[in-house]
Amino acid sequence: MAETATFTNATQQLEPFKGVKKVTIEEYFSSGHRTCQGCESALVMKLMIKAAGPRTIVLGSTGCMYVANTTYYSTPWVVPWMHTQLGSSGSAALGTAAGLKSLMKKGKMKTEPINVIAFCGDGGGADMGLAAISATLTHKEYNSLILLYDNESYANTDIQLSGLTPYGAHTTFSPPGTVKRLIHTRWKKNVAGMLAGGHPECRYVATVCASYAVEMMNKVRKALAKGGPTFIHSLDPCPKGWDYDPMLSHELGELAVETGIFPLYEVEDGVVRYYGKTKAIVEGRQRKPVREYLLKQGRFAHFVEEDLAYFQEKVDEMWERWELPGIVAFRKDLEAAKK
Ligand SMILES: Cc1ncc(C[n+]2csc(CCOP(=O)(O)OP(=O)(O)O)c2C)c(N)n1
Ligand code: SF4
Ligand SMILES: [Mg+2]
């Protein structure tokens, strides 16, 4: 349980919301932002800070959630917030947490629990800032949450492809051509699995999608109450970059989970727990075909049957052959080990 007096191991006591009716009504990310209509990342910011509450400092690396949220003289943030450089969410989280701890220890600040959340995009977090996030996750003495909002491109600078852009997607760096249909042929990084697997002292890593809002907020609360550095990966449909009608954001988030493309899980103190429809899939429920998700988005409009089949095959492999379905890609080869 949280040791709020000494801060050795927790930030705030944040009990889970027991259902949507129990969610608090106060907003700390309100009007004043200029994100696109249907922007799921803006919803993630709103839910994230609603879950964390007012005694929170938010740090944001460059990207849509910085630029569109902090136009001169207008900001939706009601809590203290600071911009940080594109690859610096890890450093900003660690530095702020260490600074607070030091000021409280020296008696220069009242000793009280304060949440530190640093968010980053997929470009800033999974590509440019991965090393700093990794370093932060090894510093178990400092409490922070790093939330990666994944709209699957460098969206703010006009949809360039990142290490989290899905296979084959049309971005400004990978336009389909007549000679070569698919320009981007790399499979997406498994960022949450990688960070959970590689940081044995990080006590909490989770994946979320705002289509499942209460679950998402409760994972934020759990991460903040856990103590030490924690990490959450959120998949965020982006109408502009994914090229679909903004009213489909919620449905696309659900489809990403129902097709098995984006599994919802947490790794808490080394124990894996699957959530919601992902849990049902692990227990035998059929996954929806990936084409139901892909063909609703203009960024895959150039796909032919062969591309859809390849995508499906890769997702099937994740569920049928990975050591931990959807999380850890290793396979045991016991026969080879005996040789
Ligand atoms: C070091 C550095 N390189 C490039 C940029 C230009 N830049 C600003 S936002 C951005 C895109 C960031 O992508 P992501 O982190 O995925 O966030 P998103 O825009 O998608 O929300 C880029 C490349 C920058 N600000 N700093
Ligand atoms: S480009 Fe995408 S992430 Fe950026 S504000 Fe628009 S919908 Fe949101
Ligand atoms: Mg992005």
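1. On a 1 Å grid over the protein atoms alone, a pocket is an open set of points with protein on both sides within 12 Å along at least five of seven lines, a cavity is a set where a 1.4 Å probe fits but cannot get out, and lining residues have an atom within 4 Å of a point. Grid points are joined across faces, edges and corners, and a volume is the space filled by probe spheres set on them. By these criteria the largest pocket holds about 440 Å³ of space.

2. This is a predicted model, in which local features need pLDDT of at least 70 and side-chain atom pairs count only at pLDDT 80 or more, while totals for chains, interfaces and linings use all residues. Residues are numbered from 1 along each chain as its sequence is written, chains are lettered from A and ligands numbered from 1 in the order in which they are written, and side-chain values use heavy atoms, with hydrogens and water left out.

3. The largest pocket is lined by 25 residues, and Trp187, Lys188, Lys189, Ile261 and Met318 are those that lie nearest its centre. Helix 6 (191-198), strand 6 (229-235) and helix 12 (305-320) each supply at least two lining residues, helix 12 giving the largest share with five; here helices (H or I, at least four residues) and strands (E, at least two) are DSSP runs numbered from the N terminus. By class, the lining has 15 nonpolar, four polar and six charged residues, where Ala, Val, Leu, Ile, Met, Phe, Trp, Tyr, Cys and Pro count as nonpolar, Asp, Glu, Lys and Arg as charged, and the others, Gly among them, as polar.

4. The structure also holds one cavity of 30 Å³ or more, and the volume of the largest cavity is about 30 Å³. Its lining includes Asn151, Glu152, His170, Trp242 and Arg299, and divides into three nonpolar, six polar and two charged residues.

5. Around ligand 2 stand Thr35, Cys36, Cys39, Cys64, Asn151, Cys238, Pro239 and Lys240, a residue being near a molecule if one of its heavy atoms lies within 4 Å of it. This shell has five nonpolar, two polar and one charged residues.

6. Eight strands form an open sheet of mixed pairing in the order 2-1-3-4-6-5-7-8, two strands being paired if DSSP finds at least two bridges between them. Strand 2 (81-84) and strand 8 (271-274) stand at the edges with a single partner strand each, so one side of each has no neighbour in the sheet. Neighbouring strands are turned by 15° against each other on average, direction ignored; axes are lines fitted to C-alpha atoms, for helices over the stretch in contact, and angles run from 0 to 180 degrees between N-to-C directions.

7. Strand 7 (residues 265-268) pairs with strand 8 in the antiparallel sense over four bridges. Val267 has Val272 as its bridge partner, and Glu268 stands opposite Val271. Two residues lie between the strands of this hairpin, in which Asp269 takes a positive phi near 45°.

8. Helix 3 (residues 89-105) lies across strands including strand 3 (115-121), to which it runs at about 170°, whereas helix 6 lies across strand 5 (204-208), strand 6 and strand 7, running at about 165° to strand 6.

Note on methods:
Contact means heavy atoms within 4.5 Å.
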